[in-house]
Amino acid sequence: MYSVMAQRVQRLSLFVSSTPLTTRYLCSITNLQSQPSPSSKYDDVQRIFRIITTSPDPQSLKHSLRNSQITFSNDLIDRVLKRARFSHSNPLSALEFYKFTSRGKGFFHTPFSFDNMLYVLGRNRKFEEMWELLLETKKKDQSLITPRTVQVVLARIAKVCSVRQTVESFKRFKRLVLKFDVDCYNALFRTLSQEKSMSDARNVYHALKHEFRPNLHTFNILLAGWRSPEEAEAFFGEMRDMGVKPDLVSYNCLVDVCCKGRELQKAYALIDKMRDEGIDLDVITYTSLIGGLGLAGQPDKAREVLKEMREYGCYPDVAAYNAVIRNFCIAKRLGDAYSLMEEMVEKGLSPNATTFNVILRSLYWANDLRSSWSLYLRMKEMGCLPNTQSCMFLIRLIRRQENADLALELWNDMIDKGFGAYTLVSDVLFDLLCDVGKLEEAERCFLQMLEKGQKPSQVSFRRIKVLMELAGKHDALANLSEKMSAFGSAIHTRKSYVDELDTPISDIMI
């Protein structure tokens, strides 16, 4: 809800390793030249990423990489794999690039590259390759396998497997992680709480708690997401009974559950208790309170909290403003929502994709394409790249009003700047283009997607195939079929973004 959970998870992140980044990561590649300029680094990332996405087979990929005359530094590899992660590129091509760069004498990947590679494989359900990479890494550099790695892998598994299978996968890490301690257990509980349910996380905790000694982070993870304040308070008591002293994060969890349950009096009582114990409220505390006031139908009072924060020396961040903007969108007061976004900019804060998505959702339900497109143009002016949800709000609204020109403009921006999920957006795009008879444009977009290393869905391909057969474009169809066959079996895509569009803003937790 209102980004509080996301911030809390970030606060509790396990993105640490017991092994520091020593000079071996900075000097893994011999013959390093002087530091290239930022523009040169960007160009190199673009060139390598294009090689990864366009090479038809592993041999061609390796040949192109050898002939590129690019120096593969750790920083460059980090950037390329990050691009591969967020651009949904072919996982096996990315893995081939990762293995190619790791063959250099004395070379060691960074934890960032390693975890990103595992994420790409897991997201595409390449679990066999993922475990093979883990075993290879254990032999070469076991220190790369950290609690963060455990969480990355388990999160991908938990998305498609049962709780039991996730726990079994967790136990396999006992033979992989250099130091299998409470941080690894915390990674499991955090994964279950995010990908399954808090109930699952707590049940597994009670089943495994005899194997380790819980710490403050353990309880803070498990405190999040309670549905009733009474249950959360009982667990809070268990925490105290074990001699674990609650901190700011612990209290924030309780405040959050009270606000979600619209029990604002309890929330305010907890805030008073925090102050009595000398615990300063942070932006997460206030953001929870803002969200609770919004649920209670008090958006103006929530806005006043922004002023109160400053009086206590706690300055609102983007998430706090997003929570207030969401409240006004629920109340259908878009004018106030827009004014708050302007206030953010005046205060030196940059609205993010969530800020725009909150408003885009309201405009989507109001069927207001003109305002939605104006907001999208504002995003581009401010340098804020839309995410998949932003693109889906826009493309589905465009499809509803059959505006092919705007659909193509959005698609061209996605291709040029590399944002959004191509498969989800393309399904709607191709449906629209075929309906309005723009077959040439559909073919061009289809080829652009294939050049990006993305496989269109079989539904879209069949739709275009039928129209091309009717139009007698047999050579062009043969070309598309050949390029599609290079991808092999279909890769399943998430539908959560599509499902969320069908939920009114008042029912969405941001």
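Helix axes are lines fitted to C-alpha atoms over the stretch in contact, and the angles between their N-to-C directions run from 0 to 180 degrees. Helices themselves are DSSP runs (H or I, at least four residues), numbered from the N terminus. The model is a predicted one, in which local features need pLDDT of at least 70 and side-chain atom pairs count only at pLDDT 80 or more, while totals for chains, interfaces and linings use all residues. Residues are numbered from 1 along each chain as its sequence is written, and side-chain values use heavy atoms, with hydrogens and water left out.

The axes of H12 (residues 198–208) and H13 (residues 216–223) come within 9 Å and cross at roughly 145 degrees. Contact (heavy atoms within 4.5 Å) is made by Met198, Ala201, Arg202 and Tyr205 of H12 with Thr218, Phe219, Ile221, Leu222 and Leu223 of H13.

Helix H4 (residues 58–67) comes next. Its buried residues (under 20% relative accessible area, 1.4 Å probe, protein chains only) are Leu61, Lys62 and Leu65. Seen down the axis of H4, these fall within an arc of 95 degrees, so they line one face of the helix; the arc is taken from the directions from the helix axis to the C-beta atoms. Gln59 and Arg66, on the other side of H4, are exposed, that is, over 50%. Just after H4, Gln69 takes a positive phi of about 60 degrees.

Finally, Glu443 sits in helix H26 (residues 439–451). Glu443 counts as buried because its relative accessibility is 14%. Leaving aside neighbours within four places in sequence, Glu443 is in contact with Met468, Lys473, Ala476 and Leu480.

Methods. Helix = DSSP H or I, 4+ residues; strand = E, 2+ residues; numbered from the N terminus.
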